[in-house]
Amino acid sequence: MHNFEKLIFWQKSIELAKEVYIICADLPKDEKFGLISKIKRSIVSIPSNIAEGAGRNNDREFYHFLGIANASSFELQTQFILTRELNLLNTEK
């Protein structure tokens, strides 16, 4: 088992989650139950899966959950591409 709180990539994912929540506050309110909800689920999934994998019994299981966390990061990237394509967010953010 790993101490997930000491993992740099877990720490960075927590920082990213905080930034994403701040960005979501600037999205249109009518997206609250659509895109905003999906974005928040994706970002929360990243550090959560890292932590869950760290609590597993062996490295193989840990790597499996790291793969899930990585997939969630691609999901998040796609959602932000969509916000840009729909002009829902200032592109500087």
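Predicted model: local features only at pLDDT ≥ 70, side-chain atom pairs only at ≥ 80, totals over all residues.
Ile43 touches Ser13, Leu16, Ala17, Val20, Tyr21 and Leu76, leaving out residues up to four places away in sequence. Touching, or contact, here means heavy atoms within 4.5 Å. Ile43 sits in helix α2, and helices in this report are DSSP runs of H or I with at least four residues, while strands are runs of E with at least two, numbered from the N terminus. Is Ile43 buried or exposed? Ile43 is buried, because its relative accessible area is 0%; buried means under 20%, exposed over 50%, and partly exposed in between, with a 1.4 Å probe and protein chains only.

Residues are numbered from 1 along each chain as its sequence is written, and side-chain values use heavy atoms, with hydrogens and water left out.

**The whole chain**

Let us step back for a moment. Of the 93 residues in the chain, 33% are buried. Among contacts with a separation of 6 or more, 65% join residues 24 or more positions apart.

**The nonpolar core**

A nonpolar core is a set of buried Ala, Val, Leu, Ile, Met, Phe, Trp, Tyr and Cys residues joined through side-chain atoms within 4.5 Å. The largest one has 21 residues, and those with the most contacts inside it are Val20, Leu27, Ile39, Leu76 and Phe80. Which elements give two or more residues to this core? They are α1, α2 and α3, and α2 provides the largest share, eight residues. Val20 touches Ile39, Ile43, Leu76 and Phe80, again not counting residues up to four places away in sequence.

**Helix α2 and its serines**

Helix α2 has 20 residues and reaches 29 Å from its first C-alpha to its last, close to the 28 Å expected at 1.5 Å a residue. The expected span is 1.5 Å times one less than the number of residues. The helix bends by about 30° at Ser45, and a proline, Pro47, follows within four residues; the bend is the angle between axes fitted to the seven residues ending at a residue and the seven starting there.

Ser45 is buried, with a relative accessible area of 19%. Its side chain makes polar contacts with the side chains of Asn49, at 2.8 Å, and Ser72, at 3.0 Å. A polar contact is a pair of N or O atoms within 3.5 Å; within protein, one must be able to donate a hydrogen and the other to accept it, and residues adjacent in sequence count only if both atoms are side-chain atoms.

Ser42 is also in α2 and is buried, at 2% relative accessible area. Leaving aside neighbours within four places in sequence, Ser42 is in contact with Ser72, Glu75, Leu76 and Gln79.

**Helix α3**

Why does the length of α3 agree with expectation? At 1.5 Å a residue, the 27 residues of α3 (residues 59-85) should span 39 Å, and its end C-alpha atoms are 39 Å apart. The buried residues of α3 are Phe62, Phe65, Ala69, Ser72, Leu76, Gln79, Phe80 and Thr83. Their cover includes α1 (8-24) and α2 (35-54). An α-helix has 3.6 residues a turn, so residues three or four places apart point the same way.

At the start of α3, a side-chain oxygen of Asn58 reaches to within 3.1 Å of the backbone nitrogen of Arg60. After α3 comes Asn87, whose phi is positive, near 55°.

**Aromatic pairs**

Rings of Phe, Tyr and Trp (its six-membered ring) pair if their centres lie within 6.5 Å; planes under 30 degrees apart count as stacked, over 60 as edge-to-face and the rest as tilted. By this rule there are two aromatic pairs.

| Pair | Centres | Planes | Type |
|---|---|---|---|
| Phe4 and Trp10 | 5.0 Å | 70° | edge-to-face |
| Phe62 and Tyr63 | 6.1 Å | 35° | tilted |

Phe4 is partly exposed at 27% relative accessibility, whereas Trp10 is buried at 15%. In the other pair, Phe62 is buried at 5% and Tyr63 is exposed at 52%.
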